[in-house]
Amino acid sequence: MAAVRPRGPNILVTGTPGTGKTTVSEHLAQLTGLKYINVGQLATDLNLFDGYDNELQCPIIDEDRVIDEMEDDLSAGGNIVDYHGCEFFPERWFDIIFVLRTDNSILYDRLENRGYRGQKLESNLQCEIFQTILDEARESYKTEIVHELQSNTSEQLEQNIEQVQMWINQWKAQHGQ
Ligand code: ADP
């Protein structure tokens, strides 16, 4: 049975770092009034970490505590969640998953601009080349709710925003909201 979501649908925007999750999610939250949850930022703000990943050179989030922190909002609905991983969230949380994809050379430049170098840059590029997050999403959720979006250009950013907005409107009409 479909979950009851008094505040609207829950959307997960995922993908390799640098593919544009924050950019598209912040625009969408502004346009739709849905609540934006940046999981990495939430973990930083509340210090929900549990070790350090030497390969990706970033702290490892404490998944159980992050889930506990998000549960009330996700149960109520009406959230856009931004994170570069997806398999540890409860499957029941999300109505749709968007996986952003970016061509290697473009992603390389974006990550380099962000200050990523060496092993960290390489590991993130490999993640995109091997479509790790897309596979993770398809393994963790029903494949029909997992959608790939190309995120290379500003035109594509606009198209993606439009597509997600259309989907939200459709969801709301179907659920009498
Ligand atoms: P993420 O949240 O996935 O790490 P960001 O939203 O921070 O990615 O985007 C990384 C960089 O790429 C930012 O400088 C952003 O302006 C740029 N960017 C994001 N999406 C696009 C796009 N579709 N076209 C061009 N530049 C983009």
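Reader: What makes N47 count as exposed rather than buried?

Author: In this predicted model, N47 has a relative accessible area of 53%. Exposed requires over 50%, so N47 is exposed. N47 is found in the loop between helix 2 and strand 3.

Reader: Why is Q57 called partly exposed?

Author: The relative accessibility of Q57 is 34%. Buried would need a value under 20% and exposed a value over 50%, so Q57 falls in between and counts as partly exposed. Q57 lies in the loop between strand 3 and strand 4.

Reader: How do you know whether D62 is buried or exposed?

Author: D62 has a relative accessibility of 15%. The limit for buried is under 20%, and D62 is therefore buried. D62 belongs to the loop between strand 4 and helix 3. With neighbours within four places in sequence left aside, D62 is in contact with L48, F49 and D50.

Reader: Why is A76 classed as it is, given a relative accessibility of 19%?

Author: Because buried means under 20%, the 19% of A76 makes this residue buried. A76 is part of helix 3, residues 63-76. Not counting residues up to four places away in sequence, A76 touches R5, P6 and R7. A76 and R101 are 25 residues apart in sequence, and their C-alpha atoms are 29 Å apart in space.

Reader: What makes W93 and F94 an aromatic pair, and of which kind?

Author: A pair of aromatic rings is described by the distance of the centres and the angle of the planes. For W93 and F94 the centres are 6.2 Å apart and the planes are at 85 degrees. Pairing asks for centres within 6.5 Å, and edge-to-face for planes over 60 degrees apart, so W93 and F94 form an edge-to-face pair. By this rule the model has 7 aromatic pairs.

Reader: How do you know which kind of pair F94 and Y141 form?

Author: Their centres are 6.2 Å apart, and the angle between the planes is 70 degrees. The angle is over 60 degrees, so F94 and Y141 are also edge-to-face. F94 lies in the loop between strand 5 (79-83) and strand 6 (96-101), and Y141 in the loop between helix 6 (132-140) and strand 7 (146-150), so the pair ties together parts that are 47 residues apart in sequence. Ring pairs link Y83, F88, F89, W93, F94 and Y141 into a cluster.

Reader: Why are F94 and Y141 both called buried?

Author: F94 has a relative accessibility of 5%, and Y141 has a relative accessible area of 4%. Both values are under 20%, so both residues are buried. W93 is buried as well.

Reader: What makes K120 a charge over the ring of Y116?

Author: K120 lies over the face of Y116, at 4.6 Å from the ring centre.

Reader: Which residues lie nearest the centre of the largest pocket?

Author: They are P17, K21, Y83, H84 and Y116, among the 43 residues that line the pocket. The volume of this pocket is about 1,000 Å³. By class, the lining has 16 nonpolar, 18 polar and 9 charged residues.

Note on methods
Residues numbered from 1 in each chain as written. Predicted model: local features only at pLDDT ≥ 70, side-chain atom pairs only at ≥ 80, totals over all residues. Heavy atoms only, no water. Phe/Tyr/Trp six-rings, centres within 6.5 Å; stacked < 30°, edge-to-face > 60°. Buried < 20%, exposed > 50% of the residue type's maximum accessible area, 1.4 Å probe, protein only. Helix = DSSP H or I, 4+ residues; strand = E, 2+ residues; numbered from the N terminus. Lys NZ or Arg CZ within 6 Å of the ring centre and 35° of its normal. Contact = heavy atoms within 4.5 Å. 1 Å grid on protein atoms, 1.4 Å probe; cavity = no way out; pocket = protein on both sides within 12 Å on 5 of 7 lines; lining within 4 Å. Points joined across faces, edges and corners; volume = space filled by probe spheres on them. Nonpolar A, V, L, I, M, F, W, Y, C, P; charged D, E, K, R; others polar.
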